[in-house]
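Good morning, and thank you for coming. Please look at the structure on the screen while I speak about its aromatic rings.

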Amino acid sequence: MRTLTHRIGIALYRAAHLAGSPAHWSILWRDRWPGRVHIYPDREHLEAALDWLCRAQDASPEGGVSAGYFLGRGWAPPYPETTGYIIPTLLRGAALLGRPELIERAVRLGDWERAIQLPGGAVRGGRSRLEAAPYPIVFNTGQVILGWVSLHRALGEARFLEAASRAADWLVQVQDANGPWSRHVYGKAATVYHSRVAWALFEISAETGDPRYSRAAAANIRWTLDQLDADGWSARMALEPGDRPLTHTIAYTLRGLLESLPYLEAETAARARAAVVVAATALTDRIRPADGRPAGLPATFGPGWVPEARYSCLTGEAQLVGIWTRLHRLTGDARFRRAARRLLLGVKAAQVLATRHPGIHGGLAGSRPLGGGYVPFAYPNWAAKFLADALLEQAPAGLVGLPSLPG
């Protein structure tokens, strides 16, 4: 019955919201009957993703980056959380591709985040109009810290470090005594994907020399590791209590642990590295062809890494490409390199370059198929961001001008 209801919902959505747009119908047709898949060199996909992010920024007169392009509704209002972690992507793209205008855009985004920073230092939640989202959120705050720190490292502008420090002070104040954050969080529950918040605190600690931030980050990582099963899975990876973890939030968790390794004491670092490797290895074994299409992963996983969805979360797949690429460099294990390239081909195939529609060309859908359970019928900005990151990670090692920036 649930499947039937879902199919009826998709049909009604298409009929009521997508009619009248030839570009939309073309995308829906391609989604249902993909035919020949066109995959281009990495640079072309990277340029297209960055250009899409620029259009998403331009589509937001309030400032920030539009949360995404939604079929039937157009460009959404700006999203503070993802705008923050798009900043390092623009900076890295500027350095790699020789596009200084991306630096200017990143600065504008950092200043917009400063302008809407809450009085207590936190970053607000929500993807709706800002006046409807005056509440602080822990995860968002960590992600914007990553953006501010990257701007300070790249440009030395003190205003970004000051904003990041205020935000970090707030995170320390609201952290639970044993390491997690259970207040001012999505789903009103502590989650292990807050390891990305710990990573942000390590970065600001390294930038300021303030040990309070690194102590808070280390406490969170220790708590996170205690929540993981022996194979690296945890129910606390899910967006909401009771849900199954998405590859998106699984990748959040693994990336936070991976980036925290240089800052951790030896014993905790060894535990964190082992957890990332075992989980990432399990996921390499779950790559599958999908109805004759390019390879992908199920969107959600249960205990023991058992697949529990028939659709794919493209955002999570792009994130995992970056994680596997980094793990290959860290461990030398060729399985991670092979998995990264195989999955990247599938994600590149999902990026539409054969249209001039500004909301679609170069973007990446939330789900494959488009009507899947994660941000359906939409091109969220964080999907394009993580695709760009995955492609940036493929750049030759030692390439001149590619900075070391958080993101």
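Rings of Phe, Tyr and Trp (for Trp, its six-membered ring) form a pair if their centres lie within 6.5 Å; planes under 30 degrees apart count as stacked, over 60 as edge-to-face, and the rest as tilted. By this definition, the structure holds eleven aromatic pairs.

One of them joins phenylalanine 139 and tyrosine 252: the ring centres are 4.8 Å apart and the planes stand at 50°, so this pair is tilted. The two residues come from distant parts of the chain, 113 residues apart, with phenylalanine 139 in helix α6 (residues 138-155) and tyrosine 252 in helix α10 (residues 247-260). A helix here is a DSSP run of H or I with at least four residues, numbered from the N terminus.

Tyrosine 252 also pairs with phenylalanine 386; their centres lie 6.3 Å apart and their planes are at 70°, so this pair is edge-to-face. Phenylalanine 386 belongs to helix α14 (residues 381-393), 134 residues from tyrosine 252.

Are tyrosine 252 and phenylalanine 386 buried or exposed? Both are buried, as is phenylalanine 139. Buried means under 20% relative accessible area, computed with a 1.4 Å probe on protein chains only.

Finally, lysine 385 lies over the face of phenylalanine 386, 5.2 Å from the ring centre. A charge sits over a ring if NZ of Lys or CZ of Arg is within 6 Å of the ring centre and within 35 degrees of the ring normal.

This is a predicted model, in which local features need pLDDT of at least 70 and side-chain atom pairs count only at pLDDT 80 or more, while totals for chains, interfaces and linings use all residues. Residues are numbered from 1 along each chain as its sequence is written, and side-chain values use heavy atoms, leaving out hydrogens and water.

Conventions:
Buried means under 20% relative accessible area, exposed over 50%, partly exposed in between (1.4 Å probe, protein chains only).
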